[in-house]
Amino acid sequence: MRVNVINKTEFLNEYHFRSLCLLYFPQAKFPTNDPSPYSADFTLERLPDGTLYASAFLHSPQGESFGESYEKDIVFTVPADDESIAAAITGKAMLNAGKKLFGFVPPWGYLTGLRPVKRARYYLERGFGENRVTRLFTNDYDVSEEKTRLSIATARKETEMLSGITPEHCGVYISVPFCPTRCDYCSFVSYSNKKLFSLIPQYVERLCRDIERTGDIIRKTGFVPKAVYIGGGTPSFLSDGQLCDIFRAIEKNIPMSQVTEYSFEGGRPDTLTPPKLALIRAGGPDRISVNPQSTCQCVLDAIGRKHTVEQFFQSAEAAAKCGFATINTDLIAGLPRDTRETFAKTLEDVMALGFENITVHTLSIKNASEIKNDNGVFDPVGELARNCVSYAGETLGAHGYAPYYLYRQKRTVGNGENTGFSLAGHESVYNVMMMEESSTVFACGAGAITKLVSPDGEKICRIAFPKYPYEYLEREENVGEDAIRRFFEKQR
Ligand code: SF4
């Protein structure tokens, strides 16, 4: 998509304007010579009287132009600096142009960030009443009333959950980026190529060494783990012996006395046989994910997810018998071949299992995903996905599930969100610590990112392991111990 920006201010950069385009064109790429039929023109400048002025124009393939301009004439709910005003007037100009062209305003208004709930929580925790936060979201950011209610409810729950977390508490993440096969929509770095499976034994050995080093750092820095998360990929793809090695390394090295939640991302039902589930439970984890994404076989086939609906029900029933405190299941709205009816049936199926957590995602298509929309396999404007997500929120709410964490991704159909719903008392504290960037999380494994949060919560430092397993194995170095020590010394 061609984007032309005339920005005569010191505020905002090219990235911001491209992000605004993604509100209506989630699949857009931005080469300057792009031949795609839509294009956008933005202007942001300061008028001679000092007023900020913005305009946005979208040009259709038929040669029509739809545009809107804004000046600094918005009455803001909270005092706004010039940078925020620049973001607001460009955002509002874009929404008006998009509405004229496509007939709708995206549910999250012009908010392009990944953590809208963090804003709601920020203001609620500083004494703003719900009415004022509602005005802020609906008036200043143009967020829909439905998403505003969702943000406030989620923020309230997060605040309640984080009240039990102190700056000494931390999370621990263990990455196992291998999967039996690759799903077509997936954009994670996860090896699913048979040749690369030969790296797994070395990978597990290296991972166990990193768990040992991480345990050492945690003790030296005085942190107290509250939650441990083994994620992927598909960790249950590993052999019994490899899993036992990882469980033993965690038990031996990570201080577990205050860990209240130990999660294992089973994910793919085809890897979760009854003996494997029993082994996982015996190894320590008390929370597990069993993810169908859809219980419609034609949808699973359309997304290249190589398991059957029957395998999902078998593994779900087996997991329920293993004594996990919490079972999570993930769904995705907006998948190819899914309809409102098949989505509703999927939701009904997973609710009937009585699992404590249901996470509703919206399809997001990144560059690394196999499925592209060249032949219309999914709807990027995402009206159906938006309807399904709204329906899920209402239905889950009526059955006692409440939202407790939420995040957005770029390039999501219909600009939807991903929301974790939970029955009371089963919310995942790890998910909240991670998503809200409220606590330090130490990470081990390829692609894993240790996130250090200063005691006042104001500063965040990220230390990333090499992204790909082969790089991770080639470059055995310490797990960022020096950087971690320097970061916390600076905070004293
Ligand atoms: S199981 Fe999950 S991580 Fe693995 S390929 Fe499928 S979507 Fe990606």
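I take helices (H or I, at least four residues) and strands (E, at least two) as DSSP runs, numbered from the N terminus. On that basis I find 15 helices and 15 strands in the chain.

I note that the model is predicted, so that local features need pLDDT of at least 70 and side-chain atom pairs count only at pLDDT 80 or more, while totals for chains, interfaces and linings use all residues. Residues are numbered from 1 along each chain as its sequence is written, and side-chain values use heavy atoms, with hydrogens and water left out.

**Overall form.** I looked up the extent of the chain: its C-alpha atoms fill a box of roughly 70 × 55 × 45 Å along the principal axes. The radius of gyration is 23 Å, which agrees with the value near 23 Å for a compact globule of 492 residues. That radius is taken over C-alpha atoms, and the globule rule is 2.2 Å times the number of residues to the power 0.38. I find 56% of the 492 residues buried, where buried means under 20% relative accessible area, exposed over 50%, and partly exposed in between (1.4 Å probe, protein chains only).

**Cavities.** A cavity is a set of points, on a 1 Å grid over the protein atoms alone, where a 1.4 Å probe fits but cannot get out; a pocket is an open set with protein on both sides within 12 Å along at least five of seven lines, and lining residues have an atom within 4 Å of a point. Grid points are joined across faces, edges and corners, and a volume is the space filled by probe spheres set on the points.

**Second largest pocket.** I read a volume of about 610 Å³ for this pocket. Its lining comprises 25 residues, and Arg121, Glu125, Ser438, Asp456 and Gly457 lie nearest its centre. Helix H3 (116-125) and helix H5 (145-162) are the elements that give two or more residues to this lining; H3 gives the most, with five.

**Gly113.** I located Gly113 in the loop between helix H2 (82-102) and H3. Gly113 counts as partly exposed because its relative accessibility is 34%. From Gly113 to Gly382 I read 269 residues in sequence and 19 Å in space, C-alpha to C-alpha.
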